[in-house]
Amino acid sequence: MKTLYQTRATAQGGRHGQVSTDEGNLTLQLALPKGLGGAGGPGANPEQLFACGYAACFDSALQYVAQQQKLPLTGSQVAVQVGIGQLAEGGFGLSVQLSAKLEGLARDAAQQLLETAHRVCPYSNAIRGNVPVTLVLE
């Protein structure tokens, strides 16, 4: 793979600490959500950060594929729901539901675009075979 861009983030204190990028443009306080035994409250968590990154990246993948295929996509919105839970064999795992609203396309064309973008998106490629992903066309 020819790397086009890379970044680096550093966490201190795990889910109770903070995370920041080396570029200095992102620093976030972290908090353990109630669902994992924390107090909740202010602060992000890794699942939220993953959902944000995946949603933005997948929306870009939709736009990229639509442009490459000269599709009349006039708008898109992507929501990503990330779940975390214990695996039967031990440890923890993630699940993802990816929901997309696509404007300007017939339903069949929109479904095809959604599936093609899922093959193109680097987040989808990174987790394929490791994290179950459900695609929903809204």
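Me: Let's start with K70: where does K70 lie?

Reply: K70 sits in the loop between helix 1 and strand 4. Helices here are DSSP runs of H or I with at least four residues, strands are E runs of at least two, and both are numbered from the N terminus. A word on the ground rules: this is a predicted model, where local features need pLDDT of at least 70 and side-chain atom pairs count only at pLDDT 80 or more, while totals for chains, interfaces and linings use all residues. Residues are numbered from 1 along each chain as its sequence is written, and side-chain values use heavy atoms, with hydrogens and water left out.

Me: Why is K70 called exposed?

Reply: The scale reads buried under 20% relative accessible area, exposed over 50% and partly exposed in between, using a 1.4 Å probe and protein chains only. K70 has a relative accessible area of 73%, so K70 is exposed. Its backbone is worth a look too: phi of K70 is near 55°, a positive value in a residue other than glycine.

Me: What makes E47 buried, and what does E47 touch?

Reply: E47, which lies in helix 1, has a relative accessibility of 11% and therefore counts as buried. Contact means heavy atoms within 4.5 Å. Apart from neighbours within four places in sequence, E47 is in contact with R15, L36, V82, I84 and L94.

Me: How do you know that there is a nonpolar core, and which parts supply it?

Reply: The term covers buried Ala, Val, Leu, Ile, Met, Phe, Trp, Tyr and Cys residues joined through side-chain atoms within 4.5 Å. The largest such set has 26 residues, and those with the most contacts inside it are Y54, F58, L62, V78, V80, L102 and L113. At least two residues come from each of helix 1 (46-68), strand 4 (75-86), strand 5 (92-103) and helix 2 (107-120). Helix 1 gives the most, with nine residues. For one member, look at L113: not counting residues up to four places away in sequence, L113 touches L62, V65, A66, L71, L73, L102 and L105.

Me: Why is the Y54 and F58 pair called edge-to-face?

Reply: Rings of Phe, Tyr and Trp (its six-membered ring) pair if their centres lie within 6.5 Å; planes under 30 degrees apart count as stacked, over 60 as edge-to-face and the rest as tilted. The ring centres of Y54 and F58 are 6.4 Å apart with planes at 65°, so the pair is edge-to-face. Both residues lie in helix 1, four residues apart, about one turn of the helix. Y54 has 0% relative accessibility and so counts as buried; F58, also with a relative accessible area of 0%, is buried as well.

Me: Why do strand 1 and strand 3 count as edge strands?

Reply: Three strands form an open sheet in the order 1-2-3, with antiparallel pairing. Strand 1 (9-12) and strand 3 (27-29) each have a single partner strand, so one side of each is left without a neighbour in the sheet. Strand 1 is joined to strand 2 (residues 18-21) by four bridges, and in strand 2 the bridge partner of A11 is V19.

Me: Finally, what pattern does the chain follow?

Reply: Along the sequence, the pattern is β-β-β-α-β-β-α-α-β, which comes to three helices and six strands. Buried residues make up 32% of the 138 residues in the chain.

Notes:
Two strands pair if DSSP finds at least two bridges between them.
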